[in-house]
Amino acid sequence: MEKIFPESFLWGAAASAPQTEGAALIDGKSPSTWDKWYELEPQQFFNQIGPKDTSNTYYLYKEDVRLMKEMGLNSYRTSIAWTRLLPDGQTLNTKAVSFYRNYFTEMLQAGIKPIINLFHFDMPWWLMEKGGWEMREAVDAFAFYAQTAFEQFGDLVKDWTTFNEPMVHIECGYLGEAHYPKVIDFKRAIQVGYHTLMAHVKAVQAFRQVGISKGKIGIILNLSPIYAKSQNPEDQQAQFYADLFYTRSFLDPVVKGEIPLELKNVLQEHGLTPKTNAGDKELIRQYKIDFLGVNYYQPLRVQAPKNQVFPAKSPGYFARGYNWPEKRINPHRGWEIYPAGMYDLAKRIQQEYDNIPWYVSENGMGVEGEEKFTKNQVIQDQYRIAFVKEHLEYLHQAIAEGSHCFGYHVWTFIDCWSWLNGYKNRYGFYQVDLDNQFIRKPKLSSFWFKKISSQNGF
Ligand code: BG6
């Protein structure tokens with residue numbers, strides 16, 4: 001059956017500055033935590049490939065935009081590097097201004113809408129040295145950066161987001177060791193989460209004050225539908241808490257203007273209440289988002305926790321993962337493939353979050369060793385085509401039932417650098433040859449995507 005998407009649907013791709021730009025310390029850019037971490041411990045990074053060796057878009061952006069156009073993208077979501085725009089947090093880097101203005105202008109001239117995010121896990125090192133998101137000062141530093149970006153680029157960029165997946169820098173940096181500063185401390189994690197929320201709110205406030213004409217602002221959340229193992233009250237309660245921490249902790253305040261009461265209560269009961277400032281509550285209520293970005297890769301499946309030992313050390317105190325026996329898995333990244341989760345997310349946003357306009361800001365499939373599927377010099381990534389198509393089918397169904405989804409962005413356009421995993425799992429519609437001047441070559445999926453974007457469906 002034909003599946004045609006709404007008029008002016010965005011057929012896009014997503015990426016981020018630290019994962020694609022390269023030129024990590026060039027033209028005045030200061031180090032982010034990733035640049036510094038790599039300098040200190042390169043052996044932590046897959047094949048010792050660090051952020052300075054990412055796909056070189058700083059130099060190749062014109063070619064990239066040409067390829068985006070060639071594969072039929074009408075929108076592109078990426079980010080600005082805070083450390084490039086304001087290397088010391090205060091002084092404007094005019095080379096960064098020229099680079100981003102040229103890049104965004106190139107996109108606009110190619111008929112590609114830039115959707116620009118401000119923070120993709122790339123905390124400036126100068127700020128991390130002072131305590132990063134644990135410090136209230138970080139909130140105002142971020143608001144100043146956001147305001148600077150709106151002032152410098154607001155004539156070109158109309159669609160903005162503040163953060164990509166705030167739960168990830170909280171969880172991986174303060175409840176795990178995959179992001180700097182690699183500490184495990186639930187109380188500090190909660191404070192980092194609260195300051196991230198306030199930084200988002202103050203950036204929205206700055207956006208409204210700068211008053212970009214026809215501009216809209218949102219946030220990108222990694223939302224996973226969360227399924228309980230059974231109907232048992234213990235498993236249901238685990239589902240409730242996992243949802244409270246992983247979904248509602250950000251989704252409720254940014255859309256509804258309220259931190260959930262249940263979250264405040266559970267934090268208080270466990271001695272985890274963060275420090276707040278007078279007036280914060282009012283700001284949260286006042287500065288809600290215009291649209292939501294949703295990154296969806298896989299669902300979370302939970303059951304009741306085992307051996308709860310107080311004090312709670314992480315959300316794992318309240319819920320524990322479990323292996324769903326019917327799970328389909330992407331063996332490379334180890335993530336579950338569950339396209340129906342896209343439909344469940346869409347319905348929840350429609351029913352519980354005022355049917356706020358939203359778009360898929362990331363969805364994609366990382367595969368290791370794709371070169372072995374090359375035929376006639378093109379990687380035959382039928383698995384990626386099948387993955388994207390299945391997710392689009394569920395998305396289409398939700399839209400047909402009234403969900404206000406306005407676009408789909410695949411992760412990602414060209415193979416890009418993936419944090420500690422480097423270039424291990426490739427996600428791109430274009431292959432990037434790391435041994436040969438970052439040459440880009442189309443994979444089969446890029447031809448397929450061109451077809452569906454030109455037909456506005458399939
Ligand atoms: C998203 C992030 O969570 O997943 C991206 O926003 C990331 O930055 C992507 O690259 C894929 O995950 P990974 O860890 O395989 O790179």
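Me: Is V388 buried or exposed?
Reply: This is a predicted model. V388 is found in helix α14. The cut-off for buried is under 20% relative accessible area. V388 has 1% relative accessibility, so the residue counts as buried.

Me: Which strands form the closed barrel, and in what order do they run?
Reply: The barrel has eight strands, with parallel pairing. Neighbouring strands are turned against each other by 25 degrees on average, direction ignored. Strands of a sheet pair through backbone hydrogen bonds, either parallel or antiparallel. The order here is β1-β2-β3-β4-β5-β7-β12-β16.

Me: What is the bridge partner of R77 in β3?
Reply: Strand β2 covers residues 75-79, and strand β3 covers residues 113-119. The two pair in the parallel sense over five bridges. In β3, R77 has as its bridge partner I115.

Me: What angle does the direction of helix α7 make with that of β3?
Reply: Helix α7 spans residues 137-153 and packs on the sheet. The strands touched by α7 are β3, β4 and β5. Between the directions of α7 and β3, the angle is about 160 degrees.

Me: What angle does the direction of helix α14 make with that of β16?
Reply: Helix α14, residues 382-400, also packs on the sheet. Its strand contacts are β1 (10-14), β12 (358-362) and β16 (405-411). With the direction of β16, α14 makes an angle of about 170 degrees.

Me: How many residues of β5 are buried?
Reply: Strand β5 has seven residues. Enough of them are buried that β5 is largely enclosed by the rest of the structure. The count of buried residues is five.

Me: Is α8 roughly parallel or antiparallel to α9?
Reply: Helix α8 (residues 166-174) and helix α9 (residues 186-210) have axes 9 Å apart. They pack at an angle of about 155 degrees. Angles over 145 count as roughly antiparallel. That makes the relation of α8 to α9 roughly antiparallel.

Me: By class, which residues make up the contact of α8 with α9?
Reply: The crossing of α8 and α9 is right-handed. From α8 come P166, H169, I170 and Y174. They meet R188, A189, V192, G193 and T196 in α9. By class, this contact has five nonpolar, three polar and one charged residues.

Me: Where does P181 lie?
Reply: Most residues other than glycine have a negative phi, and most peptide bonds are trans. The bond from Y180 to P181 is cis, with omega near 5 degrees. K182 has a positive phi, near 55 degrees, and is partly exposed at 26% relative accessibility. P181 lies in the loop between α8 and α9.

Me: Where does T412 lie?
Reply: The peptide bond from W411 to T412 is cis. Its omega is near 5 degrees. T412 lies in the loop between β16 and β17.

Me: Is Q377 buried or exposed?
Reply: Q377 is found in the loop between β14 (374-375) and β15 (378-379). Its phi is positive, near 65 degrees. The cut-off for exposed is over 50% relative accessible area. Q377 has 66%, so the residue is exposed.

Me: What do the buried residues of α2 pack against?
Reply: Six of the eight residues of helix α2 are buried, so the helix is largely enclosed by the rest of the structure. The six are T33, W34, D35, K36, W37 and Y38. They pack against α6 (125-128).

Key:
Residues are numbered from 1 along each chain as its sequence is written. This is a predicted model: local features need pLDDT of at least 70, side-chain atom pairs count only at pLDDT 80 or more; totals for chains, interfaces and linings use all residues. Side-chain values use heavy atoms; hydrogens and water are left out. Buried means under 20% relative accessible area, exposed over 50%, partly exposed in between (1.4 Å probe, protein chains only). Helices (H or I, at least four residues) and strands (E, at least two) are DSSP runs, numbered from the N terminus. Contact means heavy atoms within 4.5 Å. Two strands pair if DSSP finds at least two bridges between them. Axes are lines fitted to C-alpha atoms, for helices over the stretch in contact, and angles run from 0 to 180 degrees between N-to-C directions. Angles under 35 degrees count as roughly parallel, over 145 as roughly antiparallel, 65 to 115 as roughly perpendicular and the rest as oblique. A crossing is left-handed if the near helix is turned anticlockwise from the far one by less than a right angle, and right-handed if clockwise. Ala, Val, Leu, Ile, Met, Phe, Trp, Tyr, Cys and Pro count as nonpolar, Asp, Glu, Lys and Arg as charged, and the others, Gly among them, as polar.
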